Amino acid sequence: MKRSTLSSDEKAAARAELRHHQWLAFSLVLPLLCFLLFSFIAPISTLLLRSVYHPNVQQLIPHTIALLNEWDGHDLPNNNLMIQMAIELKKLAKQREAGELAQEINRNLAGSASQIKITARQLRQIDDAILMHKGQTYLQDAHPAWRDKAIWFAIKKAGQVFTDQYYLTALDLEKNAQGKIQSRQDINLYIALFLKTLKMAFIVTGLTLILGYPLAYYLASAPARTANVLFIFVLLPFWTSILVRTTAWIALLQTNGVINASLLWLDIIKQPLPLLYNQFSTIIVMTHILLPLMILPLYAVMKSIDPCYVRAAGSLGAKPVRIFLTVYFPMTLSGLSAGILLVFILFIGYFITPALVGGTDGQLISNIIAFHMQKSNNWALASALGALLLLFIIVLYWLFDRLTDPNKLKLV
Amino acid sequence: MSSFPSYYTISHKISFVLLKLFAFLVLFFLMLPLLIVIPLSFNIEPYFSFTQGMLKLDPNAYSLKWYHAFFSTPIWLTAIKNSLFIATASALLATTLGTLAALGLSANTMPFKRFIMAIFLSPMIVPLIITAAGMFFFYAKFNLVGTYLGLILAHTSLGIPFVIITVCASLKSFDQNLYNAARLCGASPIRAFFNITFPLIKPGILSGALFAFVTSLDEIVLVLFLAGPEQRTIPRQMFSGLREQINPTILAVSTLLTLMTILLLISLSLLRRNEKAP
């Protein structure tokens, strides 16, 4: 019979030792894990929660919402509900919060903001006891649209605490009165923006590829001394501040900027060209910003290709085009896919450059997220759009992870 | 590249010259913005284009007045102070936490290595606008929006992936036996770390710290969402300058920042050389 080399006591001791080492390693990681949990993971989770959890309206008019949840929607809400609405609206008017409610409801029913504000203004002066009695009359006298079911549907919808409506809006969908999901007839806003972002991402990725591949090939095949010097011209722009590069491009592309002034001086054009604040400038500047990220992985891969393969193919009689297509190009595929995905991923999440040089035409999906965060205060919609963008990027990044080896990149 | 191998045909040579030409054009495209900004920042006129005088190299067409404006405007001086303070604090925090974690991650016994690594690298992957929105929601609950602490936390998160990558890379080439030998000779873990491990992985730690510092210094999206009027940084000031009144002071700032980039690149490549030398 074969005897185990370790006694059971020794095995237990070894296991305890291993567990001790695991704890030791883990305790070194723990501070950073806790830090990121607070500073980064929790914020992202809050954003994801915010995209489905929207208690604002429910907090503003809790009793009305509670009654509306029982309302069947066949007839107008009963007097009891209307009275409750009048009382809560008056309370909001006193606290100067009626505008907030108006903004929320207006997202579900365009034009209802003024109705709510006008009514709130009129109800302000009226005594609670009177409202208790015939609030419905005051409500309907203030604005006839309170006799319409549409406003009540809009309030009921806005009062839902957990909702998928912001995801539907982000995908240009809506629920009809029967609760079936359908596409929105009136506008096709966000899908169009997602598609525009993708289209421009393809263009910029294509341009960086066309410009970057030959340059990377040249740098990889040039003598080491030349290549090292020329590589500085790739790394210097790469490390320069994004804002500096964007500033420089504004100086170049402005109506009275360097390019227009030179073209006018050379008599090539008679009028300055509109080069800035459109899709064109976004594409040019983004190509410039992302080009080094295409060159770096391509260069890393090309540098590791043994020139013997190309020479061998040549001495066996293959023509240059055939050598490139069947021997060289396939060996660069890993760097190529890394560069393409890197540029693509960074482009679709980019915010600052389109915001500065894009005008209205060159705005991307991240700019509309910023718009809903800062201007329209529709935070739930911004969160839903952000969550969709994040999902898309995680899928792309997963692809990136499978296709590349990050240790090979030369960044300095 | 005048000497081609003798077996090269004419078409070989022509295509190589064309390739070289194309490569230089692309390099020119890459360098063009920087080449334009530097001379324009000395323009005496408040324009973003070259004046007749500048083209004739007339010394009167050039001036240092935008640099003077930069260093004498209180708002820019506050911006410099804010940028340096936030970048230094977040680089220090990111380097300390990141180095500790990298030491743990490089241990063979570390459980859930891949998963934890993914968490540490995630701030680099998530688009900044999403990070900014999430932080705005979450930090508001703790009254951290519009405070230095909030910005430092935010920028530290962004710097951590760089520290993890560089320190893990230098720990990979570090021979663990050296540390074990020190321990066997009776050194405490802390002493063994500071006398043996730390000096050997120092270039990695320093370049990680530099990366984190630059990331914070150049960051604008999180600043736009989280900073109050008191925390205006240089990029924030440039951003509003570009949006509101375009003024060549921004070009002077750009030139100074570019100079800083050059210094940074030099120090990073020196660090790399040190790491390779022994």
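## About the model

This is a predicted model, in which local features need pLDDT of at least 70, side-chain atom pairs count only at pLDDT 80 or more, and totals for chains, interfaces and linings use all residues. Residues are numbered from 1 along each chain as its sequence is written, while chains are lettered from A and ligands numbered from 1 in the order in which they are written.

## Where the chains meet

Let's start with the contact, which takes 66 residues from chain A and 69 residues from chain B; two residues are in contact if their C-beta atoms, placed from the backbone, lie within 7 Å. On chain B, helices that each supply at least two residues include H1 (10–40), H4 (74–106) and H12 (249–276). Helices (H or I, at least four residues) and strands (E, at least two) are DSSP runs, numbered from the N terminus. H1(B) gives the most to this side, with 14 residues.

The side of chain B that touches chain A divides into 55 nonpolar, 11 polar and 3 charged residues. Here Ala, Val, Leu, Ile, Met, Phe, Trp, Tyr, Cys and Pro count as nonpolar, Asp, Glu, Lys and Arg as charged, and the others, Gly among them, as polar.

## H10(A) against H1(B)

Across the contact, Leu211(A), Pro214(A), Leu215(A) and Tyr218(A) in H10(A) meet residues of H1(B), among them Lys20(B), Phe22(B) and Val26(B).

## Two sides of H3(A)

Within chain A, helix H3 (residues 62–70) has Thr64(A), Ile65(A) and Leu68(A) buried. They lie on the same side of H3(A) because they cover an arc of only 95° around the axis, the arc being that of the directions from the helix axis to the C-beta atoms. On the other side, His63(A), Asn69(A) and Glu70(A) are exposed. A residue is buried if 20 or more other C-beta atoms lie within 10 Å of its own, exposed if 12 or fewer, and partly exposed in between, with C-beta atoms placed from the backbone.

The buried residues of H3(A) pack against H2 (56–60), H4 (79–94) and H8 (149–158) of chain A.

## Annotated spans

In chain A, the UniProt annotation "transmembrane region" (unreviewed entry) covers residues including 189–211 and 280–302. UniProt positions are given in the numbering used here, feature names are shortened, and annotations may be inferred rather than shown by experiment. Residues 280–302 of chain A are 100% helix and 0% strand, with end C-alpha atoms 31 Å apart.
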